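Subject: Structure for you to look at

Hi,

Here is the structure I promised to pass on. Please open it and keep it in view while you read.

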Amino acid sequence: MGRTLAEKVWDDHVVRRAEGEPDLLYIDLHLLHEVTSPQAFDGLRKNGRQVRRLDLTIATEDHNTPTLDIDKPIADPVSRAQLETLRKNCAEFGVRLHPLGDVEQGVVHVVGPQLGLTQPGTTVVCGDSHTSTHGAFGALAFGIGTSQVEHVLATQTLPLARPKTMAITVDGELPEGVTAKDLILAIIARIGTGGGQGYILEYRGSAIEKLSMEARMTICNMSIEAGARAGMIAPDETTFEYLKGRPHAPEGADWDAAVEYWKTLRTDEDAVFDAEVVIKAGELSPFVTWGTNPGQGAPLSASVPDPASYEDASERLAAEKALEYMGLEAGQPLRSINVDTVFVGSCTNGRIEDLRAAADLLRGRKVADGVRMLVVPGSARVGLQAVSEGLDVVFKEAGAEWRHAGCSMCLGMNPDQLAPGERSASTSNRNFEGRQGKGGRTHLVSPQVAAATAVLGHLASPADLTDDRTPAGV
Amino acid sequence: MEAFTTHTGRAVPLRRSNVDTDQIIPAHWLKKVTRDGFEDGLFEAWRKDPEFVLNRPERTGATVLVAGPDFGTGSSREHAVWALQNYGFKAVISSRFADIFRGNSLKNGLLTVVLDQKVVDALWELTEQDPTAEVTVDLEAREVRAQGIVASFELDENSRWRLLNGLDDISITLRNEPDIAAYEAGRPGYKPRTLQA
């Protein structure tokens, strides 16, 4: 019987398989950051262990870093101590580190792909649940806890039980103005936050094949919000084109050998998935969340649902609690929801195409009075690229704040936070209670919806913008 | 890791679904670089409400958390497991756990037990009516017992063996060093490297 893409990559990494034991899987790439690694390095020290493969390990600083005044000492002493701990650990063990201020610094899931380290058919892990992002390349990539970070540092392997596989087939064409973010939010609303639990998702079908690498990363990034540890997309010419010439992509004969292998990484026609979901791309429209988990979403044209309409008691209770926390009324049109803050950035939507999409809509327009808009590039390189295209000027002229790279308001670990009761439209991945700041209320949106919302002051799509642009040069 | 064989204690009924790891331990606590001292951050936002179940005096000293479905969703932060343990919890019962949280819990000796929602409902009713009711989580017998309730649960044999013996994963893996070295010798040359050879 044929095998799925996930099964092929899995099988190629089995170091040891024995009856009654989880498979021991080899890890090709281990990404580290400041938040989930300190206790792992402590464990190594305590047991007198070394990092087994420094050449498969790389670290950067992202979760905790400020996005303003990055050339000055970090004001918060606890944040500063955590970054200093990472620097000390990397120096002591010999790990390559891109610290704040370095040109390769940025959100770890933006840095790996842009360096060409994330490649098809590799296994990629990081102490961060959004490691699923790297699955866009046909890599098997998943988030791990700190105990597993220590395990990979010491052994370059992980004992793991093989998950089941689920096909998510998206056929047809996404309508104009409908993005990868809308698609993944719709998928999560459909299968639920636990729907992917125990599965590796494979996104496939004509609508997926047409997506750019960056859009594919947006999709795979949010696999974890559907409960799946990993999401994958089969590599194709789009993938190879993206990788060619990147700093760590193979060259010459190695490139040819790699591409030959990468081309085998497709689900066989006679392979069987454990579960299948079919989505019609043509039926989708801009999608936003109204609740406090990423599965509580609806088309922007809809209204806030009535909790009483849920048959399942626990879903009904969750919806009631969500509306109370979010300060929303059942039946209220989603377009009538006013926001205080708009955040563009994160490992979900902080890449150059996302910034271009937002800037295209803001060019010649202004952010609405009373709305704060933050634009945070996913990496220092993305920031430099945006500046070279003049996007920073577009954002600043529109009244948005242009910041330095990092995770920023996605999780509110640094000073970029919502105040209690403040409401945001955010291109990030989680609308959990307090995620962006204590008492903050988050609506997850695409970069396009974020930009339109910033201009109009309420949740809106690009189609809602009238032709109100100031002509260039005026 | 501390071994887990059997535990008996009073319970905290947490009637909420989709309790994500941002609720269990908010991000600002993640700046700490130790594995301890997270107890005050556990469910920090909800604990501001004096009526929150964890704040009720009759729940003081409870060690078994009985939660709604999809407990531990979201971030991979192991700090969520440490916060529950630092607070004093020995076991968490739910009808469904998020994968990464479950993996993290079992690596730290916090037993996560999956039971049918009907049993979770029965445990909620029992422990709400009688806060002194004790719940036993028996890993040897793979059984949860409380007044009028006996429910068996599944846990793969390998995880159970490691928990019962409090074994450290890394030392088990290092016994397979020859397998790892052999695999490494056969890795293709085109695989990515973070350092130049």
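This is a predicted model: local features need pLDDT of at least 70, side-chain atom pairs count only at pLDDT 80 or more; totals for chains, interfaces and linings use all residues.

**Where chains A and B meet**

Start with the contact. On chain B, 58 residues touch 76 residues of chain A. The size of an interface is often given as the accessible area lost when the parts come together. Here, the area buried between chain B and chain A is about 5,500 Å². Carbon and sulfur atoms give 52% of that area. Look for B:Lys31, B:Tyr190 and B:Thr194: they supply 15% of what chain B buries against chain A, more than any other three residues.

A salt bridge to look at joins the side chains of A:Asp28 and B:Lys191, at 3.2 Å from N to O.

Which helix gives the most to the side of chain B that touches chain A? It is α7(B), with 6 residues. By class, that side has 16 nonpolar, 19 polar and 23 charged residues.

**Helix α2 of chain B**

This helix covers residues 79-87. Its buried residues are B:His79, B:Ala80, B:Val81, B:Trp82, B:Ala83 and B:Leu84. They pack against parts of both chains: α2 and α5 of chain A, plus α1, β2, β3 and α3 of chain B. After the helix comes B:Gly88, with a positive phi near 125 degrees.

Best wishes

How values were computed: Residues are numbered from 1 along each chain as its sequence is written. Chains are lettered from A and ligands numbered from 1 in the order in which they are written. Side-chain values use heavy atoms; hydrogens and water are left out. Buried means under 20% relative accessible area, exposed over 50%, partly exposed in between (1.4 Å probe, protein chains only). Helices (H or I, at least four residues) and strands (E, at least two) are DSSP runs, numbered from the N terminus. Contact means heavy atoms within 4.5 Å. Buried area is the accessible area (1.4 Å probe) that two parts lose on being put together, summed over both. A salt bridge is a side-chain nitrogen of Lys or Arg within 4 Å of a carboxyl oxygen of Asp or Glu. Ala, Val, Leu, Ile, Met, Phe, Trp, Tyr, Cys and Pro count as nonpolar, Asp, Glu, Lys and Arg as charged, and the others, Gly among them, as polar.
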